[in-house]
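This report describes a structure by its strands, its chain contacts and a few of its residues. Please keep the sequence and the model at hand while reading.

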Amino acid sequence: MKVADAVEVLATTYQSLDFVAQGLEVKASEVAAALAKAKPDTVEFVCLTALSKYNPVSTEVASSEPSE
Amino acid sequence: MALPSKVLPGFVASMWMQTSAAPFTTANLAVWVAQVTTIVGTSAGGTGASGTALATIEAVPAFGQDDAVASFMVAGARQSDKIPTQSAPTSMTITAAWNPSDAGLLLVRADAYSGLVDRTYVIAAYDGTNTVAYAFNARASQFQIDAQPGAEAKCVFTLHPRGNQYGWSNS
C-alpha cells in the first residue's frame, strides 16, 4: 500500500489510529521519509507518526565475524 | 498523537463545543491549526469560527477510566463470579448554571433529546499566550434541569465520549 493511501485511510477514520495503523502494510523507509518532510501539527504528521510506530526503520547490524 | 509541549504555569480552563454536528476524525482531533482552534474561542487562544463556549459550567467531576467487571452466573447456582476485564471509559457528568438562552446548553439539550448526535468537544487550558487542548467526540444525554426555588437553576448533563476518539494539541 502506498504511504499516501495509508495516510488517507488514517485521516478519515473514526477508529483508534493505533488500531488502524497496525493493519496497514507500508514500507517503513517510505514512512520515515514522508515523516521527515511532514510539518508538525498537520493531519499528515499525526497519521505518519502512527504509521511509524508500527513500521519502524530497522537497521541491519553488520556482523563482526570475518567471513570465509 | 501530539502531546502538549508546554507546562502552563497558571491557566484558565474552559470548555468548548462544535456548533455543527460534524465531529472531527480521530487524526484531526490532534491537530490545532485549522482544526481544534476553530472550536476554541478567542478568549482561550483559538479562532472560534465553528465553536461555542460552554461558559456556565460549574463543576466537572472526575472522569477517565474505571475498572470494568463482567459478571457471570450459572443458572441454578447461588454464587456468581465477577471477573475484571479491560478498563472502561467513564462518562463526564457536568453541572452548569441553567440559562435557557445559552446557545451551547441548547445544543447540548437538543443532542440529549436525540441521543444520536456526535459532536466534538474541547477542553482548553489557556495561560494568556498558549493553549493546550484536549479534544474528543461525544454524545450528550441525561439532560436534567434542577430548578429549586431556593437556589440558582442548574442543569446537569452527561457527555459520553466515543471510544478512542480523542486527541491532544497545542498552539
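How many bridges join β9(B) to strand β10 (residues 131–146) of chain B? Eight bridges join them, and the two strands run antiparallel.

## Basis of the description

This is a predicted model, in which local features need pLDDT of at least 70 and side-chain atom pairs count only at pLDDT 80 or more, while totals for chains, interfaces and linings use all residues. Residues are numbered from 1 along each chain as its sequence is written, and chains are lettered from A and ligands numbered from 1 in the order in which they are written.

Helices (H or I, at least four residues) and strands (E, at least two) are DSSP runs, numbered from the N terminus. Strand β9 of chain B covers residues 119–126, and seven of its eight residues are buried; a residue is buried if 20 or more other C-beta atoms lie within 10 Å of its own, exposed if 12 or fewer, and partly exposed in between, with C-beta atoms placed from the backbone.

Strands count as paired if DSSP finds at least two bridges between them. Besides β10(B), with which Ala124(B) has the bridge partner Ala133(B), β9(B) pairs with strand β1 (residues 12–18) of chain B in the antiparallel sense over six bridges, and there Val12(B) is bridged to Tyr126(B). The hairpin of β9(B) and β10(B) has four residues between the strands, and in this hairpin Gly128(B) takes a positive phi near 100°.

## Contacts between chains A and B

Thirteen residues of each chain take part where the two meet: 13 of chain A are in contact with 13 of chain B, contact meaning that the C-beta atoms of two residues, placed from the backbone, lie within 7 Å. On the chain A side, the elements that give two or more residues are α1 (3–12) and α4 (43–54).

Val43(A) lies in helix α4 of chain A, and Val43(A) is buried because 22 other C-beta atoms lie within 10 Å. Leaving aside neighbours within four places in sequence, Val43(A) is in contact with Ala11(A), and also with Ala27(B), Asn28(B) and Val31(B). The C-alpha atoms of Val43(A) and Ala6(A), 37 residues apart along the chain, are separated by 12 Å.

## An exposed glycine

Gly163(B) is placed in strand β11 (residues 154–170) of chain B, and Gly163(B) counts as exposed because 12 other C-beta atoms lie within 10 Å. Between the C-alpha atoms of Gly163(B) and Asn130(B), which are 33 residues apart along the chain, the separation is 28 Å.
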